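Here is a short report on one protein chain. It moves from the overall fold to the contacts between side chains.

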Amino acid sequence: PEEGIGLILGSSRSGEFDSKMVSKFVSNTKTFNFGAPMGPPSFYSYWLERVLSESIPLRYVLIEADPLLFSKQSIEYSLNGSYDPGFILRNY
């Protein structure tokens with residue numbers, strides 16, 4: 001309870017950020033990294049929506065932005081199994 005929670009959302013390049021490294025810059029924080037290959041903004045929305053629905057108090061959210069992540073290929077990659085059906089139907 002005394003540790004803050006951090007969330008990293010991005011592509012596989014964001015995988016380099018681990019909890020121990022981030023805690024050197026943001027003390028007393030446990031970081032969870034949801035970086036994924038070709039993770040588009042919809043992927044970020046999916047995981048942020050799930051975390052917020054659980055009322056988890058976030059200290060920070062780090063989001064990676066890259067033009068490639070807004071491409072059709074990136075979106076198709078995530079649609080092939082990264083989301084539950086309810087999320088897809090709500091955001092269709």
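The sections below cover the basis of the model, the fold, the sheet, the aromatic residues and the salt bridges.

## Basis

This is a predicted model: local features need pLDDT of at least 70, side-chain atom pairs count only at pLDDT 80 or more, and totals for chains, interfaces and linings use all residues. Residues are numbered from 1 along each chain as its sequence is written, and side-chain values use heavy atoms, with hydrogens and water left out.

## Overall fold

The protein chain has four helices and three strands. These are DSSP runs, numbered from the N terminus: helices are H or I with at least four residues, strands are E with at least two. Read from the N terminus, the order is β-α-β-α-β-α-α. Along the principal axes, the C-alpha atoms fill a box of roughly 40 × 25 × 15 Å.

Of the 92 residues in the protein chain, 30% are buried. Buried means under 20% relative accessible area, exposed means over 50%, and partly exposed lies in between (1.4 Å probe, protein chains only). The accessible surface is about 6,100 Å², and carbon and sulfur atoms hold 60% of that surface. Areas come from the Shrake-Rupley method with a 1.4 Å probe; for residues, only the protein chains shown count as cover.

The three strands form an open sheet, ordered β2-β1-β3, with parallel pairing. Strands β2 (29–33) and β3 (58–63) each have a single partner strand and stand at the edges, so one side of each lacks a neighbour in the sheet. On average, neighbouring strands are turned by 20° against each other, direction ignored. Axes for such angles are lines fitted to C-alpha atoms, for helices over the stretch in contact; angles run from 0 to 180 degrees between N-to-C directions.

Strand β1 (residues 4–9) pairs with β2 in the parallel sense over five bridges. Two strands count as paired if DSSP finds at least two bridges between them. Gly-4 stands opposite Thr-29 in β2, and Leu-7 stands opposite Phe-32 in β2. Five bridges also join β1 to β3, again in parallel. There, Leu-9 faces Ile-63 in β3. Strand β1 is mostly covered, with five of its six residues buried.

## Aromatic cluster

There are five aromatic pairs. Rings of Phe, Tyr and Trp (its six-membered ring) pair if their centres lie within 6.5 Å; planes under 30 degrees apart count as stacked, over 60 as edge-to-face and the rest as tilted. Phe-34, Tyr-46, Trp-47, Tyr-83 and Phe-87 form one cluster.

Which way do the rings of Tyr-46 and Trp-47 meet? Their centres are 5.2 Å apart and their planes stand at 85°, so the pair is edge-to-face. Tyr-46 also pairs with Tyr-83: the centres are 5.4 Å apart and the planes at 65°, so this pair is edge-to-face. That pair links distant parts of the chain, 37 residues apart. Tyr-46 lies in helix α2 (residues 41–53), and Tyr-83 in the loop between α3 (72–79) and α4 (85–90). Tyr-46 and Tyr-83 are both buried, with Tyr-46 at 4% relative accessibility.

## Salt bridges

The structure holds four salt bridges. The rule asks for a side-chain nitrogen of Lys or Arg within 4 Å of a carboxyl oxygen of Asp or Glu. Arg-13 bridges to Asp-66, with the closest N and O atoms 2.5 Å apart. Arg-13 sits in the loop between β1 and α1 (19–23) and Asp-66 in the loop between β3 and α3, so the pair ties together parts 53 residues apart in sequence. Arg-13 is partly exposed, at 44% relative accessible area. Arg-13, Glu-64 and Asp-66 are linked in a network of salt bridges.

Arg-90 forms a salt bridge with Glu-49, closest N and O atoms 2.7 Å apart. This pair links helix α4, which holds Arg-90, to helix α2, which holds Glu-49, across 41 residues. Arg-90 is exposed at 54%, while Glu-49 is partly exposed at 33%.

Glu-76 and Lys-72 form a salt bridge with closest N and O atoms 3.8 Å apart. Both lie in helix α3, four residues apart, about one turn of the helix. Lys-72 is exposed at 60%, and Glu-76 is partly exposed at 39%.
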